[in-house]
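Q: I have a few things to ask about this structure. Start with the ground rules, please.
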Amino acid sequence: MDLLWTISTALLLCSLLSILWKESDRRRNRNCYLLDFVCYKPSDDRKLSTELCSDIIARNKRLSVPDYKFLLKVVVNSGISEETYGPRSIIEGREECPTHDDCVDEVDDCMYRTLDQLFLRTGVSPIDVDVLVVNVSMFAPSPSLTSRIVNRYSMREDVKTFSLAGMGCSASPIAIDLVNNIFKTRKRTLAVVVTSESIAPNWYCGTDKSMMLGNCLFRSGGCSFMLTNDPSLRHRAKMSLKCLVRAHIGADDDAYSCAIQKEDDEGRVGFHLSKSLPKAAVRAFAENLQRLAPKVLPVGELALYAVRGLRHRLWRSKEAKTDAATAARVNFKSGVDHFCLHTGGAAVIDAVGRALGLAKYDVEPARMTLHRWGNTSASSLWYVLGYMEAKKRLRRKDRVLMLSFGAGFKCNSCLWEVLRDLNDGGAWEDCIRAYPPQTLVNPFMEKFRWVKEA
Amino acid sequence: MPAEPLPQFLSSIKLKYVKLGYQYLANHMLTFLLIPVMVAAFLEAAKIGPDELVSLWRSLGINAIHALCTVLLVVVVATAYFMSRPRPVYLVDYACFQPARNCRVPFATFFEHARLMPFFDEKSVRFQVRILERSGLGEETCLPPANHYIPPCPSMEASRAEAQLVIFSAIDDLIAKTGLKPKDIDILVVNCSLFSPTPSLSAMIVNKYKLRSNIMSFNLSGMGCSAGLISVDLARDLLQAHPNSYALVVSTEIITPNYYAGNERSMLLPNCLFRMGAAAVLLSNRRRERARAKYRLLHVVRTHKGADDRAYLCVYEEEDGDGNSGIRLSKDLMAIADEALRSNITTVGPLVLPVTEQLRFLASLVARRLLGSRGWKPYIPDFKRAFEHFCIHAGGRAVIDELQLNLRLSAAHVEASRMALHRFGNTSSSSLWYELGYIEAKGRMRRGDRVWMIGFGSGFKCNSAVWRCLRTVATPVDGPWSDCIHRYPVHIPEVVKLL
């Protein structure tokens with residue numbers, strides 16, 4: 001009986017240990033590591049100078065002179081340099097009637113160039129990829145873009161592919177969220193994410209002002225990055241994901257329709273940006289920060305914020321402040337070292353910087369990315385990250401916050417922790433030494449001075 | 001057995017069965033160890049009488065503390081075990097869009113409209129009608145309002161209107177059936193292959209139903225007719241990571257923007273076959289939903305043949321010589337679907353087939369390798385022994401015929417697919433749900449029945465899902481079949497002569 005007793009106790013303990021071991025194994029595999037990322041650098045013949053932009057805008061014979069001036073003003077004041085890139089079909093004059101091949105070629109060039117480099121740099125073979133996610137908001141051909149990649153790189157039959165579309169400029173964190181959730185259920189998984197935007201089929205050729213801004217601000221860009229939850233690859237990884245917050249205020253009609261693709265009065269499809277966009281952005285931003293702050297900030301800062309809030313409520317001091325202003329009273333820099341802000345435009349970057357209480361040094365990467373690459377939509381966060389890395393700002397244990405806004409209306413953010421000192425030049429390699437430039441003013445400001453006076 | 005061929009053979013079947021066997025052994029190691037011990041103890045106890053057992057127990061001198069500790073340990077182990085198991089995914093209910101009668105496109109209407117279109121030449125009209133006559137479609141399939149215009153007006157507004165009509169109807173029906181509160185939805189996955197506006201269709205749903213701001217929404221596009229199962233796969237992965245959640249999966253295809261206005265034959269087929277449809281499915285991993293859930297998701301297997309150029313190019317969107325955009329279907333479609341299915345079967349088979357079928361399949365594989373492909377025909381396992389019901393994507397009559405032949409199914413097994421194709425046409429990713437609705441409406445779905453859903457789509461993908469029915473579904477069933485199920489099944493002739 002003693003023997004039986006001993007054996008049964010031993011078995012019970014073994015089973016308990018095995019369950020605990022499985023649980024700890026599962027927890028170890030929950031981490032999401034960023035192995036590497038490669039930003040897209042199009043060929044130089046695709047550069048869009050202000051002169052070229054002006055010519056392209058002038059090609060639209062439907063535009064009146066005031067409209068033309070308005071657009072040129074937007075371009076000149078946008079904070080975008082002469083070095084940004086556009087799609088070949090637009091440069092070559094086919095902006096109003098791009099062929100299917102034009103659209104496909106534009107996306108293919110981005111995807112394949114970045115993926116070739118990504119596989120080379122990481123030493124990972126395409127056959128080892130378990131999950132593939134592509135997000136391009138405004139172009140979804142059949143077969144999907146993921147199938148194009150599977151075909152080109154001869155990936156495995158059981159690769160899990162997901163082709164996200166229509167998710168706007170904040171789709172990068174959405175793709176990361178998708179992969180992160182899959183990581184929680186599978187061990188030792190390798191995922192590749194490609195994020196880009198398609199400009200060629202989305203050029204607006206009408207006269208509605210609210211739809212013309214997209215033409216002026218969006219530029220070609222993209223990024224491919226590799227994620228894994230394999231703990232044995234941790235030593236090669238650049239960053240580790242700490243938390244991810246998604247806020248979707250589409251339930252509000254104004255927020256849903258403030259950035260929407262639709263037809264104008266003459267039936268031409270364009271991307272309408274309404275005047276209520278900043279308000280929607282602020283609300284989404286506040287919604288996101290409310291959930292992000294407890295996960296990101298140290299306990300001390302949260303306690304201070306609670307005390308301030310309590311004091312404000314008890315004594316009803318001053319008039320009601322907006323949520324964004326309240327957020328300014330929270331010092332995000334206590335929990336975050338670097339900020340990757342979506343380069344939606346100079347105004348967006350400045351507004352977010354003010355709301356978070358950031359200094360010029362903190363918003364510099366975003367401003368410089370807007371200057372060098374323009375608004376590349378969902379992939380802009382990665383160019384900003386690339387800038388920080390090229391400037392050797394990213395040191396071990398630093399915390400990086402990615403924050404983006406997009407149609408829907410959404411505000412998505414994710415916090416990364418840097419795992420080792422990073423110093424790759426990436427897409428910024430050849431020009432980082434010229435940054436930050438003396439001035440961000442458009443060199444053609446003199447030539448187009450009449451625009452400012454208009 | 002010569003030593004040389006063996007390594008090749010091992011690598012070619014990728015040790016699948018050996019690995020499976022080893023995994024099974026490793027996972028149940030404790031059970032295997034425990035069983036002999038329990039058997040021995042039981043035998044010992046059986047030898048001794050009850051009085052002696054009681055005196056033996058007393059003599060052990062186990063005091064209350066020992067007993068309590070043991071009980072506590074057992075409880076802890078049991079709890080840890082149950083909590084560590086993967087969460088089951090239940091299909092609470094689903095609803096399909098029921099098109100209105102004024103959207104119907106009988107053959108005569110189709111022919112008349114095609115004839116009046118300014119861009120079709122005589123040959124193209126005749127070709128489309130011939131396809132329709134042999135397609136297996138009936139007279140009640142529906143096209144969206146925009147396609148009833150001559151010529152159709154594929155504007156973005158009309159496309160959004162169609163999307164709102166089909167999607168909101170399906171979701172409203174689902175809410176009525178399940179009593180779901182929109183604020184309870186945690187996960188939203190929408191798939192629509194050929195229409196992806198910005199903001200996405202998922203944002204459109206969030207806006208209409210005022211879903212929560214922390215919803216996990218995903219919008220899949222361009223993924224073809226098999227995307228419904230891709231969405232279910234994604235929802236399942238998300239439900240594994242988030243306990244006590246509801247996932248809403250919406251599958252549809254928006255026809256309005258995709259009318260082909262040219263004369264290229266290989267691109268005219270979608271005009272003839274694709275029809276309006278949508279399905280909304282509620283999945284959950286809440287244990288309390290088990291009481292009312294209809295099905296439990298057992299497996300989802302995805303196979304992507306995109307690495308093979310032939311497969312990749314067989315369903316391809318491109319422009320014809322005149323610049324009209326359309327989807328070209330290659331003549332190899334059946335053969336490629338066949339290959340994709342075989343690949344899918346090699347993964348699904350070990351998960352669902354009874355041991356005898358698996359052994360026969362393995363033996364046939366081994367024999368083919370050793371004796372050469374010519375010496376031995378490939379053995380297709382008898383899936384009728386693993387499933388009671390089959391939902392095969394109603395891509396077209398040829399697809400259903402091909403699968404019926406390959407899987408050795410009877411007419412009764414493919415009846416749901418044929419009748420769904422007849423009544424609703426090819427509704428792309430939602431077709432599988434219409435077929436499931438047919439089986440339920442016919443009162444054939446019993447508790448314990450297993451259903452195999454097979455979808456094919458561009459890429460080329462073959463995806464399959466295995467469900468187990470948790471409760472017998474009582475008729476009559478609300479839904480798109482409620483007004484016509486009494487007329488089904490119908491005999492579908494080879495050719496329905498119009499011209």
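A: Helices (H or I, at least four residues) and strands (E, at least two) are taken as DSSP runs and numbered from the N terminus. The model is predicted, so local features need pLDDT of at least 70 and side-chain atom pairs count only at pLDDT 80 or more, while totals for chains, interfaces and linings use all residues. Residues are numbered from 1 along each chain as its sequence is written, chains are lettered from A and ligands numbered from 1 in the order in which they are written, and side-chain values use heavy atoms, with hydrogens and water left out.

Q: Where is B:F460?
A: B:F460 sits in the loop between β10 and β11 of chain B. A cis peptide bond joins B:G459 to B:F460, with omega about 5°.

Q: And what sort of peptide bond joins A:G408 and A:F409 in chain A?
A: The bond between A:G408 and A:F409 is cis, with omega about 10°. A:F409 lies in the loop between β10 (399-406) and β11 (410-418) of chain A.

Q: What is B:S458 in contact with?
A: With neighbours within four places in sequence set aside, B:S458 contacts A:S142, A:P143 and A:S147 in chain A, and B:G222, B:M223, B:G224, B:C225 and B:V315 in chain B. A contact is heavy atoms within 4.5 Å.

Q: Which residues have a positive phi without being glycine?
A: B:N244 is one of them, with phi about 50°. B:N244 is in the loop between α10 (227-241) and β4 (246-253) of chain B. B:S428 is another, with phi near 60°.

Q: Where is B:S428, and is B:S428 buried or exposed?
A: B:S428 belongs to the loop between α16 and α17 (431-441) of chain B. B:S428 is buried, with a relative accessible area of 1%.

Q: Change of topic. How many helices and strands are in chain B?
A: Chain B has 17 helices and 11 strands. Along the principal axes, the C-alpha atoms of chain B fill a box of roughly 100 × 65 × 40 Å.

Q: What share of chain B is buried?
A: Of the 499 residues in chain B, 54% are buried. Among chain B contacts with a separation of 6 or more, 81% are between residues 24 or more positions apart.

Q: Now helix packing. At what angle do α7 and α11 of chain B pack?
A: Helix α7 (residues 122-134) and helix α11 (residues 265-273) of chain B pack at about 50°, with axes 10 Å apart. That makes α7(B) oblique to α11(B). Axes are lines fitted to C-alpha atoms, for helices over the stretch in contact, and angles between N-to-C directions run from 0 to 180 degrees. Under 35 degrees is roughly parallel, over 145 roughly antiparallel, 65 to 115 roughly perpendicular, and the rest oblique.

Q: Is the crossing of α7(B) and α11(B) left-handed or right-handed?
A: The crossing of α7(B) and α11(B) is right-handed. The term applies if the near helix is turned clockwise from the far one by less than a right angle, and left-handed if anticlockwise.

Q: What about α15 and α16 of chain B, at what angle do they cross?
A: Helix α15 (residues 397-406) and helix α16 (residues 411-424) of chain B cross at roughly 170°, and their axes come within 10 Å. α15(B) and α16(B) are therefore roughly antiparallel. On the α15(B) side the contact uses B:R397, B:I400, B:D401 and B:Q404, and on the α16(B) side B:A411, B:V414, B:S417, B:R418 and B:L421.

Q: And in chain A, at what angle do α14 and α15 cross?
A: Helix α14 (residues 360-373) and helix α15 (residues 380-390) of chain A cross at roughly 115°, with axes coming within 9 Å. That makes α14(A) roughly perpendicular to α15(A). Their crossing is right-handed.

Q: Which residues meet between α14(A) and α15(A)?
A: From α14(A), A:E364, A:P365, A:A366, A:M368, A:T369 and A:W373 meet A:S380, A:Y383, A:V384, A:Y387 and A:M388 of α15(A).

Q: Last one: which residues of α3(A) are buried?
A: The buried residues of α3(A) are A:D67, A:L71, A:L72, A:V74, A:V75 and A:V76.

Key
Buried means under 20% relative accessible area, exposed over 50%, partly exposed in between (1.4 Å probe, protein chains only).
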